[in-house]
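Please consult the sequence and model shown below.

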Amino acid sequence: QVQLVESGGGAVQAGGSLRLSCTASGNDRSIKAMGWYRQTPGQMREFVASIASDGTTKYADSVKARFTISGDTAKNTVYLQMNRLKPDDTAAYYCTADLPQPHSDLRYWGRGTQVTVSS
């Protein structure tokens, strides 16, 4: 069973920075991509950023130029450097890992880490 453990969340004032980390374990095959989603109470989870095994990165428009995803899927690790944080960035942040399966990829989720940005 694949497990993802996030760390690095916390409380920060607007304009500050935080760095989230995520490590995967228990996978019996290479991870295809890792990423971050976030969710606030009563809202759907939304995509934040992802990094593929070839290093290709993607970002939500709302975080471009402020957040940077990095890591190495071969080492089962991913980071999210969050700069110039805004109160709207307040959410629970979830790490994901996509593993290839015979017919489609299977996505695993971490339990989440809370980020709170005060104005």
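## Aromatic contacts and a strand hairpin

With a relative accessible area of 16%, Tyr37 is buried, because the limit for a buried residue is under 20%. The model is a predicted one. Phe47, by contrast, has a relative accessible area of 29% and is partly exposed.

The structure contains 2 aromatic pairs. In one of them, the ring centres of Tyr37 and Phe47 are 5.6 Å apart and the planes meet at 75 degrees, so the pair is classed as edge-to-face. This pair joins distant parts of the chain: Tyr37 belongs to strand S4 (residues 33-39) and Phe47 to strand S5 (residues 46-52), with the two 10 residues apart. Together with Trp109, Tyr37 and Phe47 make up one aromatic cluster.

Arginine side chains are also placed over aromatic rings, as listed here.

| Arginine | Ring | Distance to ring centre |
|---|---|---|
| Arg19 | Tyr79 | 4.1 Å |
| Arg45 | Trp109 | 4.7 Å |

Strand S10 (residues 106-109) pairs with strand S9 (residues 91-99) in the antiparallel sense, over 4 bridges. The two strands, S9 and S10, form a hairpin with 6 residues between them. Within this pairing, Ala97 has Tyr108 of S10 as its bridge partner.

Strand S9 also includes Asp98. The relative accessibility of Asp98 is 11%, so this residue counts as buried. Leaving aside residues up to four places away in sequence, Asp98 touches Ile31, Lys32, Ala33, Leu106 and Arg107.

Note on methods: Residues are numbered from 1 along each chain as its sequence is written. This is a predicted model: local features need pLDDT of at least 70, side-chain atom pairs count only at pLDDT 80 or more; totals for chains, interfaces and linings use all residues. Side-chain values use heavy atoms; hydrogens and water are left out. Two strands pair if DSSP finds at least two bridges between them. Buried means under 20% relative accessible area, exposed over 50%, partly exposed in between (1.4 Å probe, protein chains only). Contact means heavy atoms within 4.5 Å. Rings of Phe, Tyr and Trp (its six-membered ring) pair if their centres lie within 6.5 Å; planes under 30 degrees apart count as stacked, over 60 as edge-to-face and the rest as tilted. A charge sits over a ring if NZ of Lys or CZ of Arg is within 6 Å of the ring centre and within 35 degrees of the ring normal.
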